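Trainee: I have the coordinates open. Can you show me how to read the strands and a helix in them?

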Amino acid sequence: MPMIYVEGRDSFEAEEGKKLVLNLEDNGIDILHRCGGNAKCTTCRVEILAGDAGPIGEAEATILYAKGLSDSNIRLSCQIRVHTDLTVKPIMTAADSGMEPGNRPQD
């Protein structure tokens, strides 16, 4: 099973093929996902510090471009299917923003 390492927090085994946002949430990591995992809001974005998060799909690329997020290490955790070890840093959290995480994304 792939391992997810979260900067400044614990690591955990991830369910292969499962969305990163769900792996994070199911392992107690605070992450926003205000649009429910539909690549529309960018609140679930993470910085990929190490590992291969896979290719960026059209929906993800479109919203990242529209929001002016051009750093190739910034990805939407709702659009990443975990297949390899990853080291990530959540960028927006419920605790930091004061917002509710949002509806649970569909797998």
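Mentor: Start with a bridge. This is a predicted model. Val6 has Val88 of strand 5 as its bridge partner.

Trainee: In which sense do strand 1 and strand 5 pair?

Mentor: Parallel, over three bridges; strand 5 spans residues 86–90.

Trainee: And in which sense do strand 1 and strand 2 pair?

Mentor: Antiparallel, again counted as three bridges, with strand 2 at residues 11–13. Ile4 is bridged to Phe12 of strand 2. Four residues lie between the two strands of this hairpin, and Gly8 has a positive phi near 75 degrees there.

Trainee: Which residues of strand 1 are on the covered face, and which on the uncovered one?

Mentor: General idea: in a regular strand, side chains alternate between the two faces of the sheet. Now the case here. Ile4 and Val6 make up the covered face of strand 1, residues 3–6. Met3 and Tyr5 make up the uncovered one.

Trainee: Now the helix. Which residues of helix 2 are buried?

Mentor: Take buried as under 20% relative accessible area. In helix 2, residues 58–66, that gives Glu60, Ile63 and Leu64. Viewed down the helix axis, these buried residues fall within an arc of 100 degrees, so they line one face.

Trainee: What covers the buried residues of helix 2?

Mentor: The cover includes strand 4, residues 74–76.

Trainee: Which exposed residues are on the face turned away from the buried side?

Mentor: Glu58, Tyr65 and Ala66.

Trainee: What is the phi of Gly68, which follows helix 2?

Mentor: Gly68 has a positive phi, near 75 degrees.

Methods: Residues are numbered from 1 along each chain as its sequence is written. This is a predicted model: local features need pLDDT of at least 70, side-chain atom pairs count only at pLDDT 80 or more; totals for chains, interfaces and linings use all residues. Side-chain values use heavy atoms; hydrogens and water are left out. Buried means under 20% relative accessible area, exposed over 50%, partly exposed in between (1.4 Å probe, protein chains only). The arc is that of the directions from the helix axis to the C-beta atoms. Contact means heavy atoms within 4.5 Å. Two strands pair if DSSP finds at least two bridges between them.
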